Structure formats: C-alpha cells, structure tokens
Amino acid sequence: MRTGGDTGEDRTVDNSAVDIRGVTKRFGDVVAVDNIDLSIADGEFFAMLGPSGCGKTTTLRMIAGLEFPTEGSLRIFGTEVGTLPPNKRPVNTVFQNYALFPHMNVLDNVGFGLRMQGTGKADARRQAAELIELVQLTGMEQRKPSQLSGGQQQRVALARALVNRPKVLLLDEPLGALDLKLRQEMQTELKSLQRELGVSFVFVTHDQEEALTMSDRIAVMHDGELLQVGSAEELYERPVNRFVADFIGQTNLLDATVLDEDMIVLANGTRVMAPNPHPAGTKVAMSLRPEAIRLGPRGSVPAEHEATSLPGVVAAMTYLGHALVYRVNIDWLELEVRTETVGAQDRLQPGDEVTLWWDRTADWVVPDE
Amino acid sequence: MTGSITEPRGVTRRLLQANAWFVYLFFYAPIVLLVIFSFSDSRNVGVWGGFTLDWYGDFAASEPTKDALWASLQIAAVSTVVAVVLGTMAALALERFTFRGKKVFDALLYLPIIIPDVTMAVMMLLFFAEASKLFGFTKGFSTITLSHIAFSISFVSVVVRARIAGTDQRLEEAAMDLYASRWQAFRHVTLPLIMPGILGGALLALTLSLDDVVITQFVTGPGWTTLPVLVFGLIRKGVTPLINAVSVVMLVASTGLVGLSLIAQRLRSDTS
Ligand SMILES: Nc1ncnc2c1ncn2[C@@H]1O[C@H](COP(=O)(O)OP(=O)(O)O)[C@@H](O)[C@H]1O
Ligand SMILES: [Mg+2]
C-alpha cells in the first residue's frame with residue numbers, strides 16, 4: 001500500500017539546466033503561474049502537462065525570457081536570468097504555431113539565429129544546411145514556409161532552434177497541429193533526437209499519453225499550480241491528489257472518508273481496507289485503475305481479498321479483441337473494469353451480480369481536492 | 001452554366017451586368033475624351049481639328065508649366081518621405097504599444113481624413129499666419145510641404161496599421177528568441193512584412209500631394225505654384241487643349257505610380 005506525498009520536487013541540484021524557485025506570474029488579476037518550484041536536469045526530456053489554460057505556456061515563456069516572473073527566481077545553469085531579455089539566454093524555442101518567418105525561405109529561417117549572433121553568411125548557410133539535413137528537409141532549402149506541409153514546417157521550426165546549439169530547447173505543444181500518424185512518428189523522432197544531442201528538452205503538452213511516452217519526468221500543472229513532478233510510473237501509480245489520478249491514464253475514483261490508518265468508508269458505507277496517512281475523517285478518493293480490478297460471480301472472492309472487495313452488478317460489456325471492458329454498477333457509481341479476453345461462455349453478462357476485488361497494493365488513496 | 005448557387009441568374013444577372021457597364025462608361029468616358037482631345041488640333045475644346053502633338057510641345061516649352069511640375073515633384077517627394085516615416089511610426093505606436101492617452105491620440109490622428117479640405121486649408125493658413133509672426137518665415141515650399149505632410153500622415157498610418165494588424169506579433173518574439181535585439185527583430189522581420197503597407201501608404205501620400213488644389217492654394221506663396229494649382233488657374237482664363245495635355249501627363253504619371261506600387265506589392269506578397 002502506498003500513499004500520496006508532496007510534489008516530489010524538493011531537490012536543488014547545482015547543475016540543473018533550469019531551476020525555478022517560488023516563481024509566480026500575474027497578468028493583472030489573473031494568476032497564470034502560482035508559486036512554483038521546479039528543477040530540470042541537464043540532458044533531461046522534461047514534459048509539462050496540464051489542461052489548456054493551466055499556465056504551461058507562461059512557464060515556458062518565462063524560461064525563454066518572453067515573459068518576466070512577477071516573483072521568484074529563475075536560473076539557467078546556475079545563472080540568475082530574472083529579467084534578462086530572450087536574446088541573452090542560451091535557450092531556444094519551438095513555438096506553438098511554429099512562428100516561421102513567412103518572408104524568408106527555409107535556409108534563411110534556419111540560419112536566422114546564427115546570423116543574429118554574428119556568424120558570417122556562408123558559415124550560417126553551411127550550418128543551416130546541416131540542420132536541414134538532420135531534420136530530413138534537404139531539397140526544400142529555397143521554399144517559403146507557406147509552401148510546406150504542417151509536418152515540414154514543424155521540422156523547420158525544430159532546425160531553426162537547434163542550429164544555435166541551445167543548452168535547453170523549449171517546445172510548446174510542437175505536435176499539436178499534426179495528425180495522429182505524423183504525431184506518433186514525430187514523437188519517436190524527437191525523443192531520439194534529444195538522446196542524440198543530449199540537450200534538455202522542456203516539452204509542453206496537454207496530451208498525457210504523449211507526455212508519458214516521451215518524457216523522463218513530467219510536471220503536472222493545474223490552475224497555475226504545480227501539482228506533482230515525477231516519472232511516468234510515479235505519476236501513474238502514486239498520484240498526489242484526485243486531479244493527477246484522474247488526469248494521468250484512466251482510473252475509477254471512489255469517494256470515501258478515512259476511518260483510521262488502515263480503513264476507509266466508501267460513500268455507500270462499505271468499509272474497505274486501504275492503509276493511508278490521512279487523519280481520521282479526511283475526505284479522500286480511492287483510485288482504482290480499470291486493469292487492477294478483478295471480478296467474478298458474487299461470492300467468488302478469494303478469502304485474502306475479502307477486505308478489499310465490493311459487490312456490484314454488470315451494466316455493460318464491451319469486447320475489444322485483446323480485452324473485455326465491463327461497466328459495473330456499485331450503488332452510487334459505475335466503475336470501469338478491464339480484463340483479459342476469455343471464451344464467450346465464461347464472460348459475464350449485463351445484469352449478472354458480481355464481486356469486485358483488488359490487490360492490497362493496487363489502490364491508492366488521494367486527498368479529495 | 002457552371003455558376004455557383006450564390007451567383008445571380010436571369011434578369012438579375014443581366015441588370016447587374018448592365019450596371020457594371022454603365023459604371024465603367026461613367027468613369028472612363030471622360031478620361032477617353034480628355035485623352036482624345038489633348039491630340040486635337042483646334043483651340044476649341046470639344047471640337048476635333050485633326051491630330052497634333054502641339055499641345056504637348058507647348059507644355060514642354062512653357063516655363064510656367066515646367067516650373068509648376070518641378071515644384072509639384074519636389075513637394076510631393078519631401079512630403080511623402082516625411083509622412084511615411086511619421087505615419088509608420090504612429091501606426092507602430094498605436095498597434096504595438098499601450099501608453100497614456102492612446103485613445104485620444106488615435107482619434108486625433110484620423111481627424112485630417114474627416115475634416116473638409118477647405119476647413120483644413122483655413123486652419124493651415126491661420127496657423128502659418130500666427131507662426132510667421134513668431135518665426136518670420138515666408139510662405140512657399142515649406143508651408144505647402146508641411147500642409148501636405150499634415151494630411152498625408154493620417155492616410156499613411158491607416159494603411160500601415162492595417163498591415164501591422166495582419167502580421168503576427170509572435171514573429172518578433174521568435175526573432176528575439178533567436179538572438180535578435182529589438183531593433184534587429186524590427187529590421188529583419190517586422191519591417192519587411194509591413195513593407196507592402198508602407199509602399200501603399202507612400203503611394204497614397206504621393207498621389208494626394210500631387211493633386212491637392214484647395215489646401216495648396218491657401219498656403220502657397222510667391223513663386224510656388226504646383227501643377228494642379230496652375231491648371232486650376234488656367235481654367236479660369238478659359239479651357240484650352242493645353243490643359244488637356246497637362247491633365248493627360250498627370251493622369252499617366254499617377255497611373256504609372258499606382259501600377260508600380262501594385263507590382264511592388266505583388267513582389268512582396270509572394271514572400272509573405
Ligand atoms: N498575456 C496575457 N495576459 C493576460 N492573461 C494571460 C496572458 N497570457 C496568459 N494569460 C492567462 O494565464 C493563464 C495561463 O495561460 P497559458 O500559460 O497560456 O496556459 P496553457 O499554455 O497551459 O494553456 C490563462 O488563464 C491565460 O488566460
Ligand atoms: Mg499554451
């Protein structure tokens with residue numbers, strides 16, 4: 001049995017690529033980013049995940065220098081950058097809609113950063129051509145952005161940022177405008193590119209699956225607050241609160257009240273065993289992943305799972321080929337249960353009375369906030 | 001018929017076509033007549049007296065016309081350059097920055113477009129009369145040019161503003177993220193993108209300056225007669241085909257300017 005802790009973000013590493021301490025950003029009355037602490041290690045693929053409007057872009061823009069924090073400290077490789085303008089920071093950005101220069105061809109777009117840093121024209125072109133090759137756009141050098149597909153524009157934006165050899169690359173929903181197939185291809189490519197270059201990527205997305213597949217660590221944001229930072233596994237298995245549990249992957253959240261350190265009372269009065277660190281009386285939610293729940297005919301629960309079981313009635317069953325998905329009614333809630341496919345005669349049918357049970361280590365109690 | 005569902009048909013269609021032709025006739029018949037009679041070998045305007053180029057010869061030979069043309073060109077060139085710079089700066093300030101009194105500045109900037117020419121002319125005349133008491137300058141090139149700048153700025157900034165509004169401000173941010181200073185971001189990204197607007201504004205200013213009569217007449221001084229003012233004066237003495245010839249020259253010049261600007265804008269819009 002495991003339980004929620006803090007955001008998991010209390011380490012201050014001297015060599016962290018980006019170190020954010022107590023940063024708040026207000027726009028008038030709107031608190032876009034609310035007192036966040038965050039450390040991003042050198043060479044890390046770091047994702048910032050959260051629903052639209054939670055402050056991801058604002059955080060990224062503060063790292064880039066396009067927005068200055070209202071409060072707090074922001075360091076890049078140990079140097080306080082607070083109000084340093086963007087052109088003085090060793091970071092580059094792949095913007096949400098790419099923001100390619102429409103009046104320049106691909107070569108000049110990619111060479112722009114070098115030119116601004118004083119690199120000679122010929123040298124800038126040579127280096128730009130190398131990056132264009134890296135992102136597999138050779139032959140497109142003379143095209144204008146308007147003559148490229150979305151995926152190609154995305155690659156130009158990537159090359160334009162990477163040609164400057166940034167110490168940190170910021171990406172704001174870079175795959176958001178691409179269709180699913182291209183998106184998945186680019187996910188793999190970005191990930192291997194990041195490994196190859198060894199540069200920190202800070203990757204903003206609202207797509208949890210994308211964050212889970214690509215990242216070393218993920219920060220989950222909500223309403224300007226940083227809720228939790230951790231690996232995909234940590235977030236999935238040990239979410240700190242109801243929001244994270246719900247946002248990462250799919251789960252069933254059962255409202256409950258803490259009885260003591262071992263037991264909770266579910267909304268319908270059923271007591272179940274769920275060791276937890278919360279004081280008696282705390283409103284909590286128990287998170288049960290669909291694949292962690294077993295079910296069988298009423299009364300078939302193994303003795304050792306008696307304390308972690310519930311009666312229910314099958315409401316619906318969906319056949320997914322490799323899996324079966326049951327919707328099971330438990331008084332006040334419908335749970336989703338996912339099991340391996342079994343032969344047609346062994347499947348439970350709508351209306352069947354069943355018992356649900358789970359391992360003692362499978363549930364996770366989070367404060368109900 | 002391959003027309004779309006929204007395309008008019010039948011009687012409506014024919015009426016609309018007739019209307020279009022009528023409008024074109026209304027616009028272009030006078031121009032055609034003007035051009036034809038500028039080649040007419042007859043002192044009477046409107047009486048065809050055979051083909052001649054004499055009137056153009058007279059134009060080229062006449063000192064007052066040549067002086068007026070030269071005056072017009074100098075005034076137009078200077079007032080356009082100044083109005084374009086100031087108008088573009090005003091447009092940038094209004095589109096990209098917030099500052100105290102912005103709304104008032106915004107409204108005041110467009111006043112010259114709304115105010116009737118005559119009112120503007122009287123205002124200018126009064127202003128220069130008072131100003132010359134203080135500074136003691138004489139009316140002429142400077143007063144005409146200043147007046148032209150005053151009314152052109154508004155038109156330039158309207159045109160440029162429309163273009164700025166259509167360009168993505170994030171591009172400038174992207175430039176700065178790529179190590180451009182504020183000035184470099186403007187110079188390499190914003191300026192090229194709003195250039196069609198600036199060219200369009202410049203052309204407008206040039207045209208307005210070249211054919212202004214009312215305001216120029218009020219603020220002009222000894223020795224400074226622009227081409228349109230000269231034509232206006234000549235007409236009062238009686239219309240001759242010389243006027244036709246002068247008008248045709250002005251027509252060709254301004255059409256040429258419009259054409260050039262369109263070409264310039266076409267070149268630019270390929271790139272944006
Ligand atoms: N320039 C701004 N002015 C006012 N409010 C802003 C500005 N930028 C962002 N916000 C607000 O801050 C919040 C966070 O925005 P943002 O960082 O863009 O969210 P996300 O990228 O996660 O969708 C939103 O409520 C948004 O409306
Ligand atoms: Mg965003």
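**Close-up views of the predicted model**

**View 1. Arg298(A) and its salt-bridge partner.** In this predicted model, Arg298(A) has a relative accessible area of 39% and is therefore classed as partly exposed. Its side chain forms a salt bridge with Glu353(A), in which the closest N and O atoms are 3.8 Å apart. The pair links distant parts of the chain, since Arg298(A) belongs to the loop between β16 (293-297) and β17 (309-319) of chain A, while Glu353(A) belongs to strand β20 (residues 353-358) of chain A, 55 residues apart. Glu353(A), at 48% relative accessibility, likewise counts as partly exposed. Elsewhere, salt bridges that share partners join Asp19(A), Arg21(A) and Asp37(A) into one network.

**View 2. The salt bridge between Asp108(A) and Arg125(A).** The closest N and O atoms of Asp108(A) and Arg125(A) are 3.1 Å apart in this salt bridge. Asp108(A) lies in helix α2 (residues 106-116) of chain A and Arg125(A) in helix α3 (residues 121-134) of chain A, so the pair ties together parts that are 17 residues apart in sequence. Asp108(A) is partly exposed at 28% relative accessibility, and Arg125(A) is partly exposed with a relative accessible area of 36%.

**View 3. The salt bridge between Asp216(A) and Lys191(A).** These two side chains meet at 3.6 Å, N to O. Asp216(A) sits in the loop between α6 (208-214) and β10 (217-222) of chain A, and Lys191(A) in helix α5 (residues 180-197) of chain A, 25 residues apart. Asp216(A) counts as partly exposed at 37% relative accessibility, whereas Lys191(A), with a relative accessible area of 12%, is buried.

**View 4. Surroundings of Val202(A) in the largest nonpolar core.** Val202(A) is one of the residues that touch the most other members of this core of 44 residues, a group that also includes Phe46(A) and Leu170(A). Leaving aside residues up to four places away in sequence, Val202(A) touches Ile40(A), Phe46(A), Met48(A), Leu60(A), Val168(A), Leu169(A), Leu170(A) and Leu171(A). Another core, of 34 residues, lies apart from it and has Leu137(A), Leu148(A), Ala157(A) and Phe201(A) among its members.

**View 5. The contact between chain B and chain A.** Here 18 residues of chain B are in contact with 26 residues of chain A, and the area buried between the chains is about 2,000 Å², of which carbon and sulfur atoms give 62%. Asp177(B), Leu178(B) and Tyr179(B) supply 39% of the area that chain B buries against chain A, more than any other three residues. One salt bridge is counted between the chains, formed by Arg61(A) and Glu173(B) with the closest N and O atoms 2.8 Å apart.

Conventions:
Residues numbered from 1 in each chain as written. Chains lettered and ligands numbered in written order. Predicted model: local features only at pLDDT ≥ 70, side-chain atom pairs only at ≥ 80, totals over all residues. Heavy atoms only, no water. Contact = heavy atoms within 4.5 Å. Buried area = accessible area lost by both parts, 1.4 Å probe. Salt bridge = Lys/Arg side-chain N within 4 Å of Asp/Glu carboxyl O. Core = buried A, V, L, I, M, F, W, Y, C linked by side-chain atoms within 4.5 Å. Buried < 20%, exposed > 50% of the residue type's maximum accessible area, 1.4 Å probe, protein only. Helix = DSSP H or I, 4+ residues; strand = E, 2+ residues; numbered from the N terminus.
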